Amino acid sequence: MVNLNTIEPRNGRNYYIALGLEGSANKLGVGVIKHTRLPNTASGDNSHNCQVEILSNIRDTYVTPPGEGFLPRDTARHHRNWVVRIIKQALEKAKINDPTADIDVICFTRGPGMGAPLHSVAIAARTCSLMWEVPLVGVNHCVGHIEMGREITKAENHVVLYVSGGNTQVIAYSENRYRIFGETLDVAIGNCSDRFARTLKIPNAPSPGYNIEQLAKNCQHKESLIELPYTVKGMDLSMSGILAHIDSLAKDLFKGNKKNKILFDKETGEQKVTIEDLCHSLQENLFAMLVEITERAMAHVNASQVLIVGGVGSNTRLQEMMGQMCKDRADGRVHATDERFCIDNGVMIAQAGLLQYRMGDYVKDLSDTVVTQKFRTDEVYVSWRE
Amino acid sequence: MQLPQFPGTNIEILLYENVSNVDAIRSRVVELPYAFIDASAICSVEQIMSAIYRVMIEANYNRLRTKTLHSEILLALSPTSNIGEAFKRFGLKENTKNLFMIQITQDKTSNVDKTLVKGDIIEFKDESIERMSDIETIKKIYKIDQSLHLKNNTQLSRAVVDAIQLRGL
Amino acid sequence: MSQEIIDTVAQYLTPSIPIKLISQGAEAVVFSTAVHPYCPMRETASGNEPTQYIIKYRSPKKYRHPIIDKQLTKHRTLSESRLLAKLFLIEHLNVPKLIATDVYNGYIWLEFLGEDLPNNCGYSNLKNFLWMYANDPYNEQVKNTLFEVGKQIGLLHWNDYCHGDLTTSNIVLAKDDNGIDWVPYLIDFGLGSQSNMVEDKGVDLYVLERAIISTHSSFSGKYNQWLIDGFSSIYKAQGKTGAKKLEEVLKRFADVRMRGRKRTMVG
C-alpha cells in the first residue's frame, strides 16, 4: 500500500513545496510546485493524481549558432552563469520569500545527461540545500519526464515513449520499476535530428527538431518518399545508419552532385528533391519506427494508451501517427504534453523528486549527490506506485 | 474445381498415363489453351495445386511474367524465375509418357477437349502421382540436398511447396 | 480489435473461407479456418475432425506512410515465410508447415498445430501444459517434454537461428504419430532471424526463463534446468566445438540474466 502522506509538510502546513533544478543538457530549468496533502494520496495508486500546482516554470536554453552543436564545457558555463538568476526568478514568481521556511525539498537531476552541465546544477542544488537547510532529492531525468507526463495527462494503463535529444526508450511500468522494453541501440532520435539540422545549417532556435518539423510540413511531395533504411530490431531500433544516409544525401544536394540519381534527374540533371523532401522522409521513417516499437510494447503488456514524453514528444506529426495507431488498437489513445512540460524543465524534476520525498526517500549524505552521466530508467526503485 | 479464394475461376486437371501422341501435342503446345506438364517432375497433388494458387495470387495481386495463366503454371512450379528453364523442366519432353493437362478458365462449364491427348485418364491423387514421379529429378530441380532427411514423399512435397511459394520473391 | 481488419480479411478470403479470430498481436492478426487454400479435397479426407489451418495477416498500418507500409508488409511476410522454409530443412527441428504466402497482401497460411488439452486446460501450448500438471509438477512427462523443448531450442541455436520472442505461448505441443507423447513445435517466427550472435541466443534463453518464472514460479528452478539439459544435449552431441559454443551461450545467458534484459515483463 502506497501512502504519500507519511512525511509531514514543513511548519505544520497542509501542503508541500518543491524546488526543481534541471540542467542535464542545453536547457537550464527551474520550477516550483505545490502538492496539497490530499486524503486520496494516503493509500492506493494515486501518484499521478496529486493535483499539482505549478507556481513557476522558468527555462533558459543555451542556443548555438546554425551548424554547431552544444559542447559540454560551454553548456556548463551557460548553466553556471544563469542558475542563480533563474532560481531567483523562479522563487520570486512563486512568491517564495523565505526558502528555509517555505520549501520542503530541493530536487535536482542526478542523471543521465552531460557530465559538466549536470555537475554545475548539482552544485547549485547542494549550495541551496546547505544554505536554506532544506533536504535534497536526486532525480532520474527520465523518471522526471514520466511523472510529469502522468500528472498532467492522468494517463493510465499506458506505455511511455520517451523521446528526446539524448534518449529514445519505450517504457512500461511493472513491479516498482519503469522497465525499458525497447530503446535505441545507438543515437537518440533528437540527436539524429539535431545532427541533421547541423548538416542543413538551419537555426538551432527554438530547437533544431522544431525547424525540421516545419520544413517537413512544407514538403510539396508528401505522396512520395526517399527510401531510407528501416532499422527496427525486435523492440529496439537503430538510427545511426539512417542519419549517415540522409546526411550524405543532403551533402550531395548542397554540392550539386549530379551523379546522385536519387536527387537529380538522370537525363536533364534537374534537381528532383528538396530539403523539405528530405526532412519529410526522415520524419516519416523515424516516426514509423518509433510507433512500431511502441505498439509492440503495448501488445506485450496489454496497454491501451501511450504517453509521449521528452522534447521530441511535442512534434505534432509524431503525435498524429501515434494517435492513429492507438485508435486502430482497441479504443486506445495517446497522451502528450505541450512544450512547457515535454521539453526539459525544472517542474518535472520537482514533481518526481517530491513524490520520492513524500515516500521518505531523500539524501541523507551529500556524498550521495554525485551526478552520473549514465543512469538507466530501470535503476530507480519507484516506491510511490503500487 | 475451384479454389475457395477464387470462386469465379474454374480449374480442370487431367492426369494421363501411357500417352502415345506426345509429339503431336508438343508441336502445338503454344496454341493449345492448356498447360501440359510432364508428370515425372511432380510428386504430389499439393505441388500442382500450390503452383496454381501462386498463379492466381500473381494474376490478381501482382502481374504475370508469361503470356498466359497456363504458361504461368510452369513458371510457378519452378524454383527459379528463368522461364525457359521452367518450360524445359516441367514441359513435355520427347520421352514423356505421363502428363498433366490443366485448364484455367473463367467459364462456368468445363470445355476440356478430352480427345486431344491419347492416353489413359487416371485419378488425380497422390497415389497415382507418386507412381510416375522421378524423385531424383525432382530433388535435382529443386536443389534439395541428397543427404537431407526428407524421409518420405510428404516431406519432399513440403520442401517443394516451400520453394514454389517463395520463388522469385 | 478493429472490425475493419476482420472485414478486410473476410473480403479477401471470400465467404467460402469462414474464419475465426485467434489473436491480435502488434505485428499480425491470426485466424483459423477449416478450409485449405488450394487442396479442397483435403478437408474431408481423413475422418472425424476437420483439419484446421492458420492464416496470419499483417494488416496495413494507417499511421505510417503508404510506401513504407507496403515495403514492410512485403518484406516481413516474406522473411517469416523464408525462415519457416529454411527451418524445415533442419533435421529434427519442428516448425509449422508453410502452406501459402501472399506477400502482396501480407498473408501467410500455415498448418494448425496442437489440440485442446483434456479437462478444459485450454490449447496445448507449453504454458497451458505446465498449468495442467500444476498438481503433479515433477511428472515424468513434464520432465521429458521440457527436455524435448530444450532440444528444439538447441537445434535452432546450433544452426544459427534465433526466435526473438521465445515465450511459453510460442511453444506448441502436438501428439506424435502414436498419439501418446507430446512433440514440441516452435511457432511464430515474426521476430526470428538468422543470427550467430551469442547475445541473441542468450536473450532467447533468458526470455523463456522469465516466461517460466512468471507463470510457473514455484517449479521454475527444475523446469528451467530440464530445458537447459535438453538444450545442452544438442550442443554436447557436437563434440569439442559444441561444448565450447555451449559454454559461450550459457555464459552470455548468465550475463543477460545478471543485467536483467530490459524487456523482461510479466505474462
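This is a predicted model: local features need pLDDT of at least 70, side-chain atom pairs count only at pLDDT 80 or more; totals for chains, interfaces and linings use all residues.
## How the chains meet

## A stretch of chain A

On chain A, an unreviewed UniProt entry annotates residues 54-350 as "domain: Gcp-like". That stretch of chain A is 48% helix and 18% strand. Its end C-alpha atoms are 10 Å apart.

## Two domains in chain C

Chain C splits into domain 1, covering 3-111, and domain 2, covering 126-259. Where they touch, domain 1 of chain C puts in 12 residues and domain 2 of chain C puts in 13. The domain 1 side of that contact has eight nonpolar, two polar and two charged residues.

## A pair of helices in chain C

Now for some helix packing. Two packed helices are described by the angle between their axes and the distance between the axes. In chain C, helix H5 (residues 198-215) packs with helix H6 (residues 220-236) at an angle of about 150 degrees, and their axes are 9 Å apart. Angles over 145 degrees count as roughly antiparallel, so that's what H5(C) is relative to H6(C). Their crossing is right-handed.

Who's touching whom? From H5(C) come C:Leu208, C:Glu209, C:Ile212 and C:Ile213, and they meet C:Ser220, C:Tyr223, C:Asn224 and C:Leu227 of H6(C). Sorted by class, the residues in this contact of H5(C) with H6(C) are five nonpolar, two polar and one charged.

How values were computed. Residues are numbered from 1 along each chain as its sequence is written. Chains are lettered from A and ligands numbered from 1 in the order in which they are written. Axes are lines fitted to C-alpha atoms, for helices over the stretch in contact, and angles run from 0 to 180 degrees between N-to-C directions. Helices (H or I, at least four residues) and strands (E, at least two) are DSSP runs, numbered from the N terminus. Angles under 35 degrees count as roughly parallel, over 145 as roughly antiparallel, 65 to 115 as roughly perpendicular and the rest as oblique. A crossing is left-handed if the near helix is turned anticlockwise from the far one by less than a right angle, and right-handed if clockwise. Two residues are in contact if their C-beta atoms, placed from the backbone, lie within 7 Å. Ala, Val, Leu, Ile, Met, Phe, Trp, Tyr, Cys and Pro count as nonpolar, Asp, Glu, Lys and Arg as charged, and the others, Gly among them, as polar. UniProt positions are given in the numbering used here, feature names are shortened, and annotations may be inferred rather than shown by experiment. Domain bounds come from an automatic or database domain assignment.
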